[in-house]
Amino acid sequence: MIAVAGAGGYVGRKLITALDRPVLAMGRRVEALPDGEHVRKVAVDVNDTAALTEALSGVDTAYYLVHGMAAGAGFADRDRDAAASFARAAKDAGVGRIVYLGGLGQGRLSRHLASRQEVGRVLAGNGVPVVELRAAVIIGAGSISFEMLRYLTERLPLMICPRWVDTRVQPIGEADLVRHLVRAADADVPAGVHEVGGPDVLTYQELMQLYASVRGLPRRRIVRVPLLTPGLSAHWVNAVTPVDRAVSRSLIDSLTTDVVVTEPSTAFGIDPTPAADAIRSTLDDQRDGVAAAAFDFTNGLRDGVFTLTTKVDLPPSDTPAARLDLRRCGGSLRWYGWAWAWWLRIVLGRLFGERLTLHRPERVTLGSTVDWWTVEEFGNRYIVLRTEKWFCGEAWLGYRISGTTLQQVGALRAKGLLGWVYWRAVYPIHLVVFRVMARKQVTRAHALAQSQ
């Protein structure tokens with residue numbers, strides 16, 4: 001049995017998906033923990049040593065992926081106390097090994113990096129063997145460091161930056177990090193500190209330019225100034241990105257410290273992925289995963305994807321016709337509802353080089369071309385279309401019939417400043433148009449039912 005404390009976080013979710021053995025997912029709220037056939041969930045506070053000891057009974061390896069930065073000031077004290085509680089509980093429960101993900105860095109460290117390394121020492125202080133992985137920026141959708149990089153590079157073609165853009169960083173791809181974590185549970189990986197990273201050592205400026213290149217954005221213009229303190233940088237980042245302010249401030253304080261591998265670990269036998277390939281894989285994997293999860297997205301912005309969902313009532317007698325109508329998409333703007341609005345959108349796109357054309361396939365199947373879309377998900381009660389032909393980024397449009405409800409979802413992964421401005425500018429219009437479109441689907445289904 002393997003336990004993962006902090007299972008509801010970014011790394012915890014990725015790790016649990018990769019593990020092929022029984023997993024005990026631990027966190028404060030059960031509803032925030034990931035599901036899975038091999039997953040058992042338990043709500044427990046890592047500061048409750050007695051409850052934690054009971055939860056860890058029978059566990060061979062316990063992953064510790066907990067941190068308190070999001071709660072703001074005093075996170076170092078909270079992390080220290082939580083780690084001490086976990087170490088005591090692990091020893092009392094007879095856990096054979098703790099795997100901990102910490103942070104790279106040597107010499108004079110920021111509060112964040114110093115706390116990360118202190119937690120590793122505290123975990124090892126009660127006698128349970130600890131495998132401590134130290135890593136820098138994780139390249140993956142949902143990684144806070146990567147999301148800061150994404151938003152800054154996407155939205156700012158011109159950046160005024162302090163000297164920390166010349167700080168060196170050795171990023172690691174998400175898939176590589178997860179492979180290291182999985183291997184860390186094996187007995188042949190010795191306890192101790194293991195520094196892990198990708199093959200590339202870059203400055204933050206070079207990393208931002210690399211992201212821009214992979215994303216297909218123009219080279220970013222970066223002007224360095226000597227007077228922009230970490231505090232002022234935090235205000236600047238908060239104004240440009242939606243990343244949690246408490247977390248971003250702690251991370252920005254760490255940007256003045258080189259985070260590179262000085263003693264590479266040889267215990268894992270994993271070939272590292274170049275940073276450019278890791279960024280490309282992250283963007284591709286995210287793009288390919290949106291369609292499958294589109295109907296579960298909440299309104300707003302998450303990991304670079306804007307989403308707007310609308311639900312309207314659908315009479316049960318019209319449900320069969322609504323399902324049939326999903327197969328009649330393509331070839332006419334009337335299918336979308338408000339054809340004139342879509343005509344205006346096509347004209348607007350032409351100003352930016354788009355050439356959107358109508359096309360109706362003989363039969364709608366996965367992979368079919370429908371107008372300027374590709375069918376990404378398709379079933380008896382749902383369809384999700386995706387296009388990469390929009391000037392403002394990749395877009396998705398989906399419909400799902402669920403009981404007496406028709407759900408419509410629109411999503412955009414904005415590309416560059418133009419994509420971000422586009423979504424913000426048309427958002428008030430989308431609030432009206434999307435609801436009209438959904439109602440048009442219901443109206444059309446009713447008319448089709450009446451004609452049959």
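**Ground rules.** I am working with a predicted model, where local features need pLDDT of at least 70, side-chain atom pairs count only at pLDDT 80 or more, and totals for chains, interfaces and linings use all residues. Residues are numbered from 1 along each chain as its sequence is written, and side-chain values use heavy atoms, without hydrogens and water.

**The sheet.** I looked up the strand order (strands are DSSP E runs of at least two residues, helices H or I runs of at least four, numbered from the N terminus; two strands pair if DSSP finds at least two bridges between them). I found seven strands in an open, antiparallel sheet, ordered 14-15-20-19-18-17-16. Strand 14 (300–302) and strand 16 (369–370) are the edges with a single partner strand each, so one side of each has no neighbour in the sheet. Next I checked strand 19 (393–402) against strand 20 (405–414), and they pair antiparallel over ten bridges. Tyr399 has Gln408 of strand 20 as its bridge partner.

**The helix.** I then followed helix 13 (416–451), which lies across strands 15 (305–313), 19 and 20. Helix 13 runs at about 10 degrees to strand 15 (axes are lines fitted to C-alpha atoms, for helices over the stretch in contact, meaning heavy atoms within 4.5 Å; angles run from 0 to 180 degrees between N-to-C directions).

**The pocket.** Which element gives the most to the lining of the second largest pocket? Helix 13 does, with eight residues. Helix 12 (339–350), strand 19 and strand 20 also give two or more each.
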